Amino acid sequence: MLKFWEDFFLKNTPSKEAVVQLESLKSFTTEHKHKNSRIALVTSGGTIVPLERNTVRFVDNFSAGTRGSISAEYFLKHGYAVVFMYRPKTLEPFARHFSTLSLLDTLEEKSDLICVKKEKLQVVKNALTGYSKAKGENKLHYLTFTTLSDYLWLLREVSQCLSVFGKDALLYLAAAVSDFYLPTELMPVHKIESSGGPPTITLEIVPKMLKPLVNLWAPDAYVVSFKLETDVSRLIDKCKAAIKNYSHKMVIGNMLQTRRHKVVLVDCSSVNEITAREEEEIEEKIVKELCDKHQQFIDM
Ligand code: PAZ
């Protein structure tokens with residue numbers, strides 16, 4: 001009998017764009033395997049679940065890509081090569097400082113020149129230095145997904161690709177991934193017509209991919225998942241349940257309302273809260289803690 005996740009991959013094929021990206025991933029991982037690099041997969045942004053094959057409508061998952069893009073920068077600072085797997089138009093490492101209006105806010109016109117404002121110079125310098133270093137050393141590789149099924153296909157391929165790094169691979173799954181989907185065979189080909197009356201759409205449960213990821217795709221990697229909740233009374237129990245069910249290394253719990261300045265790190269033996277002040281980036285502390293834990297795991 002097929003496992004639920006195998007059935008999902010049989011019935012939901014990846015887009016051409018997803019498949020094409022895997023070639024360049026192989027050369028990135030080969031280069032970093034030769035260099036004995038530590039490598040992190042950072043997933044970021046939310047998946048969409050199409051309701052039509054020619055997609056006009058879809059169900060979205062909330063994520064601006066803030067957590068993932070900031071964390072990727074800190075993993076690079078800690079010397080990791082980073083595969084940044086994200087949804088286009090959500091935040092990207094380094095470029096996040098200059099998204100939309102904030103780019104214009106950094107600039108001013110002086111005589112005939114466009115210059116960086118004095119008070120923004122340090123931000124621009126830091127971003128440029130970090131970006132140029134990552135690019136020069138070929139340490140940051142981008143992969144993109146939009147739909148749930150592309151996300152899961154890429155997750156499987158990347159995890160398997162990173163499994164050659166053994167314990168040196170760290171998977172940091174910060175993307176907001178839908179728990180529900182509409183199987184391709186149940187999707188109408190064309191845009192749902194309003195003339196047919198209000199549609200009744202029954203979504204199905206997405207198979208839990210952490211199980212095969214931890215047991216089959218990247219069995220030696222240090223795997224960190226995220227749990228987003230809106231009801232604080234459920235957060236810790238949900239994190240503990242995830243650790244028990246999937247036996248991965250860490251669950252990071254966060255509340256929608258307080259996620260920028262409070263998270264909780266849950267592993268099989270401890271619950272550890274991390275907080276950050278307004279002017280701090282909590283991801284700096286999260287990534288530092290994880291890099292220490294990853295080191296201990298490698299040394300074991
Ligand atoms: O991308 P962002 O900074 O706006 O949000 C980050 C987050 C809340 C999506 C992330 O921290 C997270 O909890 N991801 C997992 C979500 C989930 O439970 O599927």
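Predicted model: local features only at pLDDT ≥ 70, side-chain atom pairs only at ≥ 80, totals over all residues.
Let me begin with the largest nonpolar core, which has 70 residues, and in which Val82 and Leu171 have the most contacts. By such a core I mean a set of buried Ala, Val, Leu, Ile, Met, Phe, Trp, Tyr and Cys residues joined through C-beta atoms within 7 Å, where buried means that 20 or more other C-beta atoms, placed from the backbone, lie within 10 Å of a residue's own. Its largest share, 9 residues, comes from helix 6, residues 148-162.

Residues are numbered from 1 along each chain as its sequence is written. Helices (H or I, at least four residues) and strands (E, at least two) are DSSP runs, numbered from the N terminus.

Which residues is Val82 in contact with, leaving aside its neighbours within four places in sequence? They are Ala40, Val42, Ala72, Phe75, Leu76, Lys139 and Leu140, contact meaning C-beta atoms, placed from the backbone, within 7 Å.

Strand 1 runs parallel to strand 4, residues 81-86, through 6 bridges, with Leu41 opposite Val83, and parallel to strand 8, residues 169-173, through 5 bridges, where Ala40 is partnered by Leu170 and Thr43 by Leu173.

These strands belong to an open sheet of 8 strands, in the order 7-4-1-8-11-12-13-14 and with mixed pairing; two strands pair if DSSP finds at least two bridges between them. Strand 7 (140-144) and strand 14 (271-275) stand at the edges with a single partner each, so one side of each is left without a neighbour in the sheet.

Finally, the ligand: of the 13 residues around it, Ser63, Thr66, Arg67, Phe226 and Leu228 come nearest, a residue being near if its C-beta atom, placed from the backbone, lies within 6 Å. Helix 3 (66-77) and strand 11 (222-229) each supply at least two residues of this shell, and strand 11 gives the largest share, 3 residues.

How values were computed:
Buried ≥ 20, exposed ≤ 12 C-beta atoms within 10 Å, placed from the backbone. Contact = placed C-beta atoms within 7 Å.
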